[in-house]
Number of protein chains: 4
Amino acid sequence: MPTTFDLVVRGGVVVTASDVFKADIGIAGGKVAALGTDLEGNRVVDADGLLVLPGGVDTHVHIEQPSSGPAQMCDTFETGTASAAAGGTTTVICFATQMRGGSLKAAVEDYRVAARRARVDYTFHLTISDPTDVVLRDELPTLIDSGCRSVKVFMTYDGIGLDDAQLIRTLAAARKAGALVCVHAEHHALIAYLSERLVAAGLTAPKYHAWAKPTVVEREAISRIVAIAEVLDVPIQIFHVSGPEPAEEIARAQARGMKVWGETCPQYLTITAEDLDRPGFEGAKFMFGPAPRGTAEAEGLWRAIKTGTIGVISSDHAPTRFDDPRGKKVAGENGPFTKVPNGIPGLAARLPLIFHEGVTKGNIELSKFVDLIATRPAKLYGLFPKKGTIAVGSDADLVLFNPRAYQTLTNAGQHHGGDYTPYEGREVTGKVIATYLRGTCVFENDTVVGAIGGGSFVPRAPYAEIEPRGVFPIPFDPVTSTVLEDKPKLAAE
Amino acid sequence: MPTTFDLVVRGGVVVTASDVFKADIGIAGGKVAALGTDLEGNRVVDADGLLVLPGGVDTHVHIEQPSSGPAQMCDTFETGTASAAAGGTTTVICFATQMRGGSLKAAVEDYRVAARRARVDYTFHLTISDPTDVVLRDELPTLIDSGCRSVKVFMTYDGIGLDDAQLIRTLAAARKAGALVCVHAEHHALIAYLSERLVAAGLTAPKYHAWAKPTVVEREAISRIVAIAEVLDVPIQIFHVSGPEPAEEIARAQARGMKVWGETCPQYLTITAEDLDRPGFEGAKFMFGPAPRGTAEAEGLWRAIKTGTIGVISSDHAPTRFDDPRGKKVAGENGPFTKVPNGIPGLAARLPLIFHEGVTKGNIELSKFVDLIATRPAKLYGLFPKKGTIAVGSDADLVLFNPRAYQTLTNAGQHHGGDYTPYEGREVTGKVIATYLRGTCVFENDTVVGAIGGGSFVPRAPYAEIEPRGVFPIPFDPVTSTVLEDKPKLAAE
Amino acid sequence: MPTTFDLVVRGGVVVTASDVFKADIGIAGGKVAALGTDLEGNRVVDADGLLVLPGGVDTHVHIEQPSSGPAQMCDTFETGTASAAAGGTTTVICFATQMRGGSLKAAVEDYRVAARRARVDYTFHLTISDPTDVVLRDELPTLIDSGCRSVKVFMTYDGIGLDDAQLIRTLAAARKAGALVCVHAEHHALIAYLSERLVAAGLTAPKYHAWAKPTVVEREAISRIVAIAEVLDVPIQIFHVSGPEPAEEIARAQARGMKVWGETCPQYLTITAEDLDRPGFEGAKFMFGPAPRGTAEAEGLWRAIKTGTIGVISSDHAPTRFDDPRGKKVAGENGPFTKVPNGIPGLAARLPLIFHEGVTKGNIELSKFVDLIATRPAKLYGLFPKKGTIAVGSDADLVLFNPRAYQTLTNAGQHHGGDYTPYEGREVTGKVIATYLRGTCVFENDTVVGAIGGGSFVPRAPYAEIEPRGVFPIPFDPVTSTVLEDKPKLAAE
Amino acid sequence: MPTTFDLVVRGGVVVTASDVFKADIGIAGGKVAALGTDLEGNRVVDADGLLVLPGGVDTHVHIEQPSSGPAQMCDTFETGTASAAAGGTTTVICFATQMRGGSLKAAVEDYRVAARRARVDYTFHLTISDPTDVVLRDELPTLIDSGCRSVKVFMTYDGIGLDDAQLIRTLAAARKAGALVCVHAEHHALIAYLSERLVAAGLTAPKYHAWAKPTVVEREAISRIVAIAEVLDVPIQIFHVSGPEPAEEIARAQARGMKVWGETCPQYLTITAEDLDRPGFEGAKFMFGPAPRGTAEAEGLWRAIKTGTIGVISSDHAPTRFDDPRGKKVAGENGPFTKVPNGIPGLAARLPLIFHEGVTKGNIELSKFVDLIATRPAKLYGLFPKKGTIAVGSDADLVLFNPRAYQTLTNAGQHHGGDYTPYEGREVTGKVIATYLRGTCVFENDTVVGAIGGGSFVPRAPYAEIEPRGVFPIPFDPVTSTVLEDKPKLAAE
């Protein structure tokens, strides 16, 4: 062991998904080299009275995503990852998105170029909007092998949503190539029908966004993608679960032994449908999909978090500006909800919000907090143990966090490219004091100091978590065309 | 009261869905005029020692249905209703089927012509395969008003299956016009994918029919159509539930208060996937969709019948000949399962099979038997009290049934147009001795005596059972564009 | 058939649990002799515009029950059955109650003497409070054979509640002798503990009655008695289910195929815990056990009624006077809730209340109404088809009911021995116009005309409904000591 | 940081409940002082190629427990903790057991004397068999404050089982004094009844042990204790869950947000009821309570472990000798199952069995394994972070474990006081190479080297996990007599 480390974080309370202990952290070569006491370093940071958390891993981040329409997301990698650093997040998984008719490979290549300006580490989900043979057979395996081991599919949204036949082919290809599939699960045709009917009735204000996407459309879509995953034996994660009713579908699948995991986001724990009904066009600031629900749903989500049905809390950062013709007002000052771009910024607010709602309010323990925002996401997406924990050999991605500091959330504090935060004025306990990426400070004194381009692409190796179970409803693996035994296996047996 | 009736059925034990009592039945003008003792009639039938049941109502019968391919169903109205009479069924609901691109109205008109040769009473479901505006807006309301108060939709099968957007429009139109919707619920794309993969792997024997359509495809589709029905508040019946797993989806909807009802068929209680694996091509005789399951599923179905989750047992009579190039062998002596026409004959076997499996084996009481095969179907489809019971004023549709007679089921005994019955050689307790349609004998001495054209179309008036509940997941009725209250109703409240 | 009947009820709409039809009813020898049209009788009652229902069967009626304490139920057979007649109920099942340390046989004999003054027909449950060998082995079989084919057990209440060992012995003895067991299911020790703690805290007003008996005590007790019944294979009915949470326990047992049935009472559909909190001591008027819940529970009960989990609605008539030192005020003007006698009068209000809440409000159909208040109770307790329906051969127990009449419920209208009704002032649609017992009028023109002693004991023969299933968790029938197969049957198989 | 540690475990793969990483462990003062690389120590142990696990925490161990009958458990603290050390377990929670009529305080004092001979660390559950006021009010709070923060109750077994009133008082006292309650949950009266009936029928062989205790008795008791815990808001752990049916009761409580946790044991994952039916009296070797079930139950338990319903796997080490008149043969060579002492040895086999069945067979990951056998038990019982993990400041309780070593389990290898192991001859992958207690080796080279008396009592401080939630079914906390709000809270709201 070196007697002198590059950097020592001294005297903090280290929190992992399992442990809480006071120790110095010795960092060398950008990695955690030692945990102990009285460590010495070339540089020493005093963490006395602070928690030292593993850098947040946010597995659901929309940054600089190309758009086919006039509305644009307002974060580049430069601004988006500034916001990440400010929020204690050191790794983001963004979405390399195939345009319909286009190449997924090209999309990834373009996206890697753009991402070179990132201030924190990153990797990509592969969003497939057009699962042609070329994409699934030729491009996907190579891209997955190159380290992007997750595929994103949408069950709704024109231009990107897949139909069931496409979902099946895509999930089968993902499993074959060794990728986890993450899913935006909402029933497209019901949303389209309800939207059409509401608009036809002149009900176009932001509040009707929630009417057009009731919980039942989410429950249904989860039930459907679970069925597809069950036949194909593909591990899946359900994105942004909005309440206990959709969570129950996941719990039922888990109880059958399936590899189905749930994610939720801070907005479903803090924002309700009533926010959509704020005066004027303010409600548009709270418009995201699935739509916000109510406080009873938030309570149900906490129960699902405690039982483990939901194991990841990401931001679903998907920002557009509010007072901007390329943002929420793309269809005018009072555009119909169907034309308002979905999505809110949330990267920087994630840790404080979840700490406040979870730990301060007594819903969860400290270690569970770390598990939800760093460890479990890292494990599920193959970033672990490089990311997601504080252990010897892991990247020295660290957050100094003051659990007792009060702060009022403001847009300025988000350090993002947007002109608002839906959490403006919200008071929380817990504050990011400093963020370190591989031993280098990227945020301190309320200032982003991480260099543009300081972040790196993190290729993910194959990992055990997403291996299929080898269990099928029939004695036939349709992905590999293997007959498993010569007897139909029946459901009730 | 007339002192002398046209006909008296004397001394039998009358069974209704609620009662079992010994009485004479006095018939006048084709209707039950009196129940009492020592009734006198111009004709007297001795029913001593026999049960007198209401004529069976079979709400799921494919007869003389036009086909777009080379395979043909083998029953005309003449033969199909002969089989009905022989099986103690006096009312059948057949399917007036729109061809894709064609008119539903024309299909109904053609079908009414064909049905003039029926020997028992009949009415039609309206099968929609192409829900154009013309069909839904112009044709459907008139057809429903004319007495065909049920719409049939398929969620699978090329050429007839509807996608979700079509299902939504069709269900909305059905509700608006006052029709119940009955649903063939299986996930089309999964079946297509599995079939393709099995065939590609050379697995084409009849047994693979069950592999291509595992229970999960049925469970999924029920969950989906329930979600659609929930948003639209449309009462639906799920056809041919094959086991406890899909039944559970129905039970969950019912527990939420929804108007969702389940039907099953004798084949799911008596035939298993092992029958598909009989030597040679014999398995094709047992090929129907959803596919046969196992004995555990049959037991689960009986439990679902007892709790009321499933309330109707119909035949799904859908016969093609076996040894016939227009039947099961349309693709040759060993055609792949994907080319073999689905469906089996079952009209005549329904009552004896259910009596044997249900009453004789102690699964259900006599009144429940009558409820399942006559009363409940009649109520659900608006035929009651004209059909489905023995009460003053009801049609004198009666079955003299010997509960103690043993019989061996044979193809000849089915009196249908087919060349086989899947129940060949099966021994059952219980036998139809005679069948009366509106006071006229149509079957006795093992002989069909009902006249061709003796059956009549039964128009159905609007009926209470299928009225929507007026309950929606959001405060908006999308079918009528009515805002119900100015507050989002959230799932977990 | 006689050309002239003793009595003809002409022109009404006859309602059974399955049918609704217009017919005359011919009555001879106190029985329904014919249903038809234009029947002639020595006497003719005009029922034009009225429903003709089978006489109500109330399977849960406390009348003239001996008391060990100073409080006394206030109805004798004379007054109680007057109330029954006024409420359209022609058969009551009362409770012959063994005193602890006493003989069950003697209790029955005494009770038969008292019951000779009844104005409507009656039979007894056998309430066992002290299951000694003598009672279970010597007395019970004879009493059951004599026609009292149901045993009542309490899981709570000092002096009458049985412990688990006693419950097991009693249920086993009941099954062996061929009786159904009906159960008051609440967790005694929790109620005792909560009562003690509430009283110690000075919380003694009537409203705390509901606090001392939360739903969880009912849920627990049902789960427990179901387990006992499962091991012994004894059919049971759970009395007075108060909401969806306890109903769910019954539904779970039913879904496993068990013979477990649920009963509820009008009070759980119409009275809430808020009534217990009326000013002064008024709340005592609404005190019964299990305690009243809330409107959400009432809605949940209707759902459980619709799905069939709950199939019987009885009154649990258990009246004490309010302003009486032998009634609700036995412990003074403001006695602590623990000292106030439980129970309310309800015999006469049952049909109008259920008709109003059920049929008028659209929760249930007419036939279901009849099933709940007459047919199903009669079937479950072996009174059918003598009681509970209108069919040839059944007792001519008939109710002429005006479904369109409004009435305001009053104490005077209850015709009972009490000084109040909890339904005072409640407005309902539906009114009993006349009641006939075996062809004799016992109530008309708002006046009880049934003779004291006009009612008869109805012995019940063995009946199929309560036969055990022959299914056990282990391959051993402990009641008969029969080894069923030489292999342990395990739960998860 | 000291440049030289007392001891360095070098080069192993450290496993915690969250992390797996290669590091040296520096130990000073019996505690983990550092995790890093190239650490130097006065002594160095080479762990290359081995896993380094936190010392096992076994929270369910019967050692030297006084017996009122002739049968005796065969492990003293000397032999029992030798077995613990051999099995990689460094902390045991044993049972200080009040004799009925006796003092709990005295029992604890006696037990502390006996425990002075322990070779590994220990703490006690407080088993209450006679919850007198003196015990609950005077003794219990002091004992809990002294560090025994868990109370054990039995719902069955003569002489020790509590009735419901006793359970309520005991759980309330435990909550008030700040202790978790762990529960042996089986329905006593059903077991007594079935045992009596089986013995009366001459069915006394060991196999009938499983017949006398079917899963239903466990399901019932869990439902009951959950209800009690719900009313009192007491956190509880359900001991030795034997299959998915009882686990479901726990999952239902957890889904409601309750603090109810499940434990299972290796025997329920590896031994089945068929083992009870081995020739002769061999079955007695596999007799424990709850009884062994089948392979389907074991699979269901793994599912419950994966979803987290069950979070702890302990041994329930409760050994008696087989061929011994004070052991299994206390009632003779073929004593009836009712007289054979329950319980098997299992301390030493726990880690290898769970590693083999869990990790080797692919049911769980390494970190989950550590969580189940060390971390989660330590957290749940207030031993964390002193015990249950490898972190700076924790006790240096370490296990060197070879995950690739095959071994055949033998009785000699158990190092206990018994004359058999139920796992004799079972082949597993994974072997304890060495065990360290606070930095001192207690087991290596297949030899127990830990000193008699080397173990210490571990007092447990109050800890967050077992704090009640403050949620009650009614607005009244009965334990503290606090009115929470002036409105009844109803179940369905």
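Mentor: Let us begin with the interface: chain A and chain B bury about 4700 Å² between them, 65% of it on carbon and sulfur atoms. Please note that this is a predicted model, in which local features need pLDDT of at least 70 and side-chain atom pairs count only at pLDDT 80 or more, while totals for chains, interfaces and linings use all residues. Residues are numbered from 1 along each chain as its sequence is written, chains are lettered from A in the order in which they are written, and side-chain values use heavy atoms, with hydrogens and water left out.

Trainee: What makes the area between chain A and chain B "buried"?

Mentor: Buried area is the accessible area (1.4 Å probe) that two parts lose on being put together, summed over both. The value of about 4700 Å² is therefore a sum over chain A and chain B. In contact, meaning heavy atoms within 4.5 Å, are 59 residues of chain A and 59 residues of chain B.

Trainee: Why is the pair Glu248(A) and Arg252(B) called a salt bridge?

Mentor: The term requires a side-chain nitrogen of Lys or Arg within 4 Å of a carboxyl oxygen of Asp or Glu. The closest N and O atoms of Glu248(A) and Arg252(B) are 3.6 Å apart, so the pair qualifies. Between chain A and chain B the count is 10 salt bridges.

Trainee: How many salt bridges are there between chain D and chain A?

Mentor: The count there is 0.

Trainee: Why are β6 and β13 of chain A described as standing at the edges?

Mentor: The open sheet has 8 strands with parallel pairing, in the order β6-β7-β8-β9-β10-β11-β12-β13 (chain A). Each of β6(A) and β13(A) has a single partner strand, so one side of each is left without a neighbour in the sheet.

Terms used:
Pairing = 2+ DSSP bridges. Helix = DSSP H or I, 4+ residues; strand = E, 2+ residues; numbered from the N terminus.
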